[in-house]
Amino acid sequence: MLVIENLVKSYPGQHGQDEVQALRDVSFKVDEGAIFTLLGPSGCGKTTTLQCIAGLENPDSGAIRMGDRAVFSSRESVLVPANRRELGMVFQSYAIWPHMSVFDNVAFPLVHGVKRVPSREVRPRVQKALEMVELGHLADRPAPLLSGGQQQRVALARALAHEPRLLLLDEPLSNLDAKLRDTMRTEIRSLVKSLGITTIFVTHDQVEAIGMSDQIVLMKAGKIVQQGSPRDIYLKPNSVFTADFMGRSNLLPGVLENGGATARAQTAIGPVSGIAGSELAPGEQVMVVVRPQAIVIAPDTDPAQGSNRFKARVDAMTFLGDVVETEVETGGRKLTLMLDPYTSLVVGQKLILELPPERCVIVPAAKPPSGRNPQ
Amino acid sequence: MTTGSVTGARRSGVRLDQQKLVLALLLAVVSILVLGPVLVLIRASFAPAESMPLETLEFTLKNYVQLLQSPRTLSLIWNTVVYALSSMAIGVAIATAIAWCTERTDMPGRILVRILMFAWMMVPALVVGFGWILLLNPGNGALNVMFRELFGFARPLLTIYTFWSLIVVTAFAVVPTAFVMISSLLRNMDPNLEQAARVHGGNAWATLTRVTLPLLTPGLFSIGIYMFMAVVQAFDLPLIIGLSADVPVLSTRVYLLSSPDNGLPNYGLASAFGVLLLVVAAGLMWAYMRATRLGERFRVVTGKAFRPKRIKLGRWRFAALGFTFGYCAVMMLPLLILLWVSLQPSYSTPSLSALGGLSLDIYRRLLANPMISRAVLNTVILVVSSATIVMVVSSLIGWFTVRSNSKAGKILDALSFLPMAIPPIVLVLAILLLYLNTPLYGTIWILVLGHVTIYIAFGVRTMSSALIQIHKELGDAALISGASWLTSLRKVVFPLVWPQILNGWLWVFAHSARDLTVPLMLMSTGNLVAASTLWNLWQFPDLPGAAALAILLMVALLVVVVPSQLYVARRLER
């Protein structure tokens, strides 16, 4: 449905600074009907990519195709302006026009857009769009009298009223409070799924991304780091950056002993077996990524030694309600575990940890971004 | 569906052209309005005195030599500087005192003072000047006559035709504008800074002199430069008072050289003086920009309105009241005398015995005069078209200065700001030189052209500061919804800033109606407006007629502008 090819975009430097490379050769493909997420920290280029798709920014080079129609191509010198791309978009600020009623906001694309409809069709179409977001009763309300959640729904209705080819969502949940955010996330997902509309979603929040998407593209400094399903990206990170960005993880630096399916790395706590990417060769500096939820406490009766089993001692426990964050020490390293709140472990207790090999991911070593500790 | 991409490409041309076309059009319009006259003015200053600048190829430095050699040049510059500096200093001092009383003390009648000040900003300086002449001219000025009769003075009490009278009248006239600027400066200053001084043991006087005034200094400094610049560019008061007082300044000199009472106009020398005045004004503009940037650095203005604790004046309140309402009373005098004169069939000084003779005859005579009705019609055309054209062009330029990063946008911004540094008298001289031999000259439209050029800089400032507060996504949302660029402006962006557009429109409307410079310099029988007719009646002389017209002009302005401004102010506060 949507194909992005080799997008490059740079902004001229301001105040004597260097030019900013916003996008460096970004390519991806979006399937018809998919919810596709651009994820990354601020400044990674996700918003620029969305703006280029929308036509609000123009890339320096590359191509953007929707269906079999190019809307941008530097080689064929095609540039379709934003208003001719037949898109719907929900902006971060919602961009609800405060001088109009809810009805007029939603009717705008039908009255002033490219795909205009006969005037007698406007009212039923607007009403249908508003009912889709459960706001049918608010049509005549002036836009400034809406709550944040209602504004968001109006923005969604406006974006969908003219049945666009593509729906763009620019951090639509970031201005809502936490509880409403969860509700809206589920609602938006089920709505766009029931309409079958292809959706591009931009966010910096990995929980939102995992909950919303069919596919995720994780970006960093204008480049794609990893693309895949939420499960793949969370459980099989291809880099320290992905592992770190998608959630908490224990990182064990080491050296790869042998690669492939039965990979093993030598680390400070001993040899750890895991899954390694095929690009890694024995002898390379690597990092073993183990999610806190991946670690299992082995029964006492089991022998201490064996594959991926390590003696450890409980150092600290923090009761958080739904989990107990537990810090253990093994081989001079600290590991974090998430235990269920009914655990009988106490600080100082000795135990045996098991790191199931299929839950240990070996990635190339890289300096973890300093000063960041994403949840 | 390759055809899709082809039509898409062609369509993209359409939109880009829409934006590019408007940009090109604006650039062309602003260049013609601003650059054309300035280049012709510079050319004229190098042309021989007896020829028109566009009809000769000769280049000569004669005008500049004459300008530099004449001993009068130095006295002109001296007069201008003394005039501007003294009026500015007195005006800003009075305005600061009144603003401090209304913003920071519990003086009664604060709201009345604010309303009066806003109303006076609408009163043409020309009208005030005429009023003062009627009050204080040495022969039969009303105040002089009264004092002579009451106390038997042999000599007039005060006379209007002196340098000092000119300075004081001008100072009084700049007070309302300075008051509005200074009170917003005071209003935006964080009162915590003052309270901190009080908490740490400073008394009221120490707080005022050690904290409040030093904090206000950068702001007051830039307001001072702005006012100085305004007085340097002033033309009407130096014309009606200064020339009789034999105090020529640069602006009246330019006028006399290009429209002499007898003999041929010396456009070459006038242009050379014009260039001199232009350089002075541009220097002041530069100083003003530096000063305001410096002010930003000391910025204690946080943007939100504070509710400061008002200082209790106690017994001092009578002094404050006396001072403030003393000023207000003095400002009422010229308007009252005009009203009086306009109600007398033939001119006589105010007295109880003349009270019986009051009538509206003058107004009837005035309104029956076809020349007057013509002038009224012309005035309406002038002010409505100037205000409308300025705001349409400024709104579009404002959008480009805020939203476009292109070079063309920056050039547009700079070009539209340029008239700010060109004194109106110089600009009108330049317009005169450029259009003298075109059919436009002598019509009302040449006046519209002049006013559009003069007020465009104000319009663009107003609109770009309004548009910068409109979230970019509001316009983007319209584009994504499929609307063209112009539709997004028409339906979304401009409707969101209409209070500011209306405010700017009213400002241009009022200033265009009160301006004498443009109508007088470009006067012909076909384009008389209220201000130039007022001048003609005064010169004729038909004093009751002039007074009645002045009152009508003033009332019309107040009735249209003040309620609308109050309405807009309320809309903006919401």
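In the predicted model, helix α15 of chain B passes helix α21 of chain B in a right-handed crossing. The axes of α15(B), spanning residues 370-403, and α21(B), spanning residues 498-514, come within 8 Å and cross at roughly 140 degrees. Angles over 145 degrees would count as roughly antiparallel; α15(B) and α21(B) are therefore oblique to each other. On the side of α15(B), the contact is formed by Thr379(B), Leu382(B), Val383(B), Ser386(B), Ala387(B), Val390(B), Met391(B), Ser394(B) and Ser395(B). Helix α21(B) contributes Ile501(B), Gly504(B), Trp505(B), Val508(B), Phe509(B), Ser512(B) and Ala513(B). Ten nonpolar and six polar residues make up this contact between α15(B) and α21(B), and charged residues are absent from it.

Between the chains, 25 residues of chain B are in contact with 29 residues of chain A. Three helices of chain B, namely α1 (2-45), α19 (472-480) and α20 (485-496), each supply at least two residues of the side of chain B that touches chain A. By class, this side of chain B comprises eleven nonpolar, nine polar and five charged residues.

For chain A, the pLDDT averages 89, and 95% of the residues score at least 70. Among the elements of chain A, the highest mean pLDDT, 96, belongs to strand β3 (residues 35-39), and the lowest, 87, to strand β16 (residues 296-298). The pLDDT falls below 50 over residues 368-375 of chain A, a stretch with nine contacts in the model beyond near neighbours in sequence.

Key. Residues numbered from 1 in each chain as written. Chains lettered and ligands numbered in written order. Predicted model: local features only at pLDDT ≥ 70, side-chain atom pairs only at ≥ 80, totals over all residues. Contact = placed C-beta atoms within 7 Å. Helix = DSSP H or I, 4+ residues; strand = E, 2+ residues; numbered from the N terminus. Nonpolar A, V, L, I, M, F, W, Y, C, P; charged D, E, K, R; others polar. Axes fitted to C-alpha atoms, helices over the stretch in contact; angles between N-to-C directions. Parallel < 35°, antiparallel > 145°, perpendicular 65-115°, else oblique. Left-handed = near helix turned anticlockwise from the far one by under 90°. pLDDT = per-residue confidence, 0-100.
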